[in-house]
Amino acid sequence: MNILLISDLYPLKSDSSIPSVLEDFSLALKEIEDISIEVIRPNFLLNTFLRGHKISKTGIYLRNNIKIYNRNFFLPFIFDNFKLKNKYDIIISHMPSGHIYADLINKKLKLPRISILHYSDYRVLKEFKYSLYFRNRLKKALKNSTLTGARSEFLKKELNADFILPSFVEKESIKEKKSFNQNKLKIITLSKLIKRKNLNLVIKALSEIDFDFEYKIYGKGIEYKNLSNLIKKLNLQDKIKILPYISHNLIFKKLDENDIFILPSIKETFGLAYLEALSRGLITIGIKNEGIDGIIKNNKNGFLINPNIEDIKEILLKIQNFSKEEKEKISQNALKSMKNYEKEKIITKYVETIKKIL
């Protein structure tokens with residue numbers, strides 16, 4: 001099977017501003033099935049700049065034995081005479097730019113096409129500022145798709161997609177937590193330091209509690225200075241640390257050192273960090289009606305809250321008052337739920353969906 005993957009969210013080089021999720025899916029497909037994948041990255045340059053992504057030259061790149069055609073556009077995909085040399089069986093697109101460009105080039109290719117929806121698609125379809133131009137083009141592109149998938153239960157419901165394509169964890173990553181600290185809450189966040197992650201709310205909530213805690217934030221981003229100043233203002237330097245972004249091979253080591261993972265992020269497509277925390281048995285806190293809602297079952301394998309100081313403070317106080325047995329029950333439920341998100345299970349089901357339309 002030969003797949004043409006189209007998205008501006010596919011990484012070209014080492015760039016932490018672009019998540020590795022689409023590359024992870026591509027490599028997993030090649031690992032589990034006899035599949036060939038090539039990628040087109042259609043970059044509307046203004047959008048690329050506003051999102052803070054690096055701009056690379058138009059050309060052909062090779063990353064992990066996958067050929068990537070990087071295409072830069074000053075105007076958003078009105079016309080393109082780019083000629084593909086290889087034959088493909090199917091087009092799979094991600095993100096609004098990917099769907100719109102896929103719809104454009106498929107006028108000639110006439111292939112079956114799957115569009116995978118992210119939170120960015122939700123925003124284009126729902127927010128007024130996109131109504132003048134991108135919304136109608138995206139609606140048309142999705143209507144012309146053979147099948148639509150969504151990256152979360154929330155997006156599937158809101159956008160009426162045909163199936164869900166969640167992220168996955170490696171089977172060997174699912175590991176029972178040895179113990180919880182009883183006298184001190186050890187809390188961790190792995191995240192970009194940007195406004196919509198709402199880490200300022202966690203810091204403010206922690207300033208209002210009177211039990212012992214340690215909170216470590218691993219990441220980098222434009223909110224670093226604001227968050228650091230907030231920690232100083234609240235005199236929490238001894239309890240809250242912002243630490244450098246860590247490489248993926250160290251993530252599980254850091255998770256294992258903590259008890260609670262919290263990320264009150266809004267406008268979140270999915271959030272692999274939640275899965276990684278759940279897979280190590282941490283008590284994981286996410287936001288209602290966001291990408292992780294549906295995977296986290298509130299009060300069973302984790303907690304879902306609203307993104308405000310009172311809800312954050314309330315859930316942390318609740319966890320602090322848990323018995324050892326209550327914490328271990330949540331942890332065990334988290335591990336059990338992650339069995340459904342093992343890589344082989346997710347990718348095998350994805351391949352079956354693809355084959356159905358070929």
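Author: In this predicted model, 8 strands form an open sheet with mixed pairing, in the order β3-β4-β2-β1-β5-β6-β7-β8.

Reader: What makes β3 and β8 stand at the edges?

Author: Each of the strands β3 (59-63) and β8 (163-164) has a single partner strand, so one side of each is left without a neighbour in the sheet.

Reader: How do you know that β1 and β5 pair, and which way do they run?

Author: Pairing requires at least two bridges between two strands. Strand β1 (residues 2-6) is joined to strand β5 (residues 90-94) by 4 bridges, and the two run parallel. Within this pair, Leu5 stands opposite Ile92 of β5.

Reader: Why is Met95 called buried?

Author: Met95, which lies in helix α3, has a relative accessible area of 6%. Buried means under 20%, so Met95 is buried. Its phi is near 75 degrees, a positive value in a residue other than glycine.

Reader: What makes Lys110 exposed?

Author: Lys110 has a relative accessible area of 65%; the cut-off for exposed is over 50%, so Lys110 is exposed. Lys110 is found in the loop between α3 and β6. Although Lys110 is not a glycine, its phi is positive, about 55 degrees.

Reader: Why is Asn2 called partly exposed?

Author: The relative accessible area of Asn2 is 29%. Buried residues fall under 20% and exposed ones over 50%, so a value in between makes Asn2 partly exposed. Asn2 is placed in strand β1.

Reader: Which residues is Asn2 in contact with, leaving aside its neighbours within four places in sequence?

Author: Asn2 is in contact with Ser36, Lys87, Tyr88, Asp89 and Ile90. Tyr88 is 86 residues apart from Asn2 along the chain, yet their C-alpha atoms are separated by 4.9 Å.

Reader: At what angle do the axes of helix α10 and helix α12 cross, and why is α10 called oblique to α12?

Author: The axes of helix α10 (residues 272-279) and helix α12 (residues 324-338) come within 8 Å and cross at roughly 120 degrees. The perpendicular range is 65 to 115 degrees and the antiparallel one begins over 145, so α10 is oblique to α12.

Reader: Which residues meet where α10 is in contact with α12?

Author: Leu275, Leu278 and Ser279 in α10 meet Ala334, Leu335 and Met338 in α12. By class, this contact has 5 nonpolar, 1 polar and no charged residues.

Conventions:
Residues are numbered from 1 along each chain as its sequence is written. This is a predicted model: local features need pLDDT of at least 70, side-chain atom pairs count only at pLDDT 80 or more; totals for chains, interfaces and linings use all residues. Side-chain values use heavy atoms; hydrogens and water are left out. Axes are lines fitted to C-alpha atoms, for helices over the stretch in contact, and angles run from 0 to 180 degrees between N-to-C directions. Angles under 35 degrees count as roughly parallel, over 145 as roughly antiparallel, 65 to 115 as roughly perpendicular and the rest as oblique. Contact means heavy atoms within 4.5 Å. Ala, Val, Leu, Ile, Met, Phe, Trp, Tyr, Cys and Pro count as nonpolar, Asp, Glu, Lys and Arg as charged, and the others, Gly among them, as polar. Buried means under 20% relative accessible area, exposed over 50%, partly exposed in between (1.4 Å probe, protein chains only).
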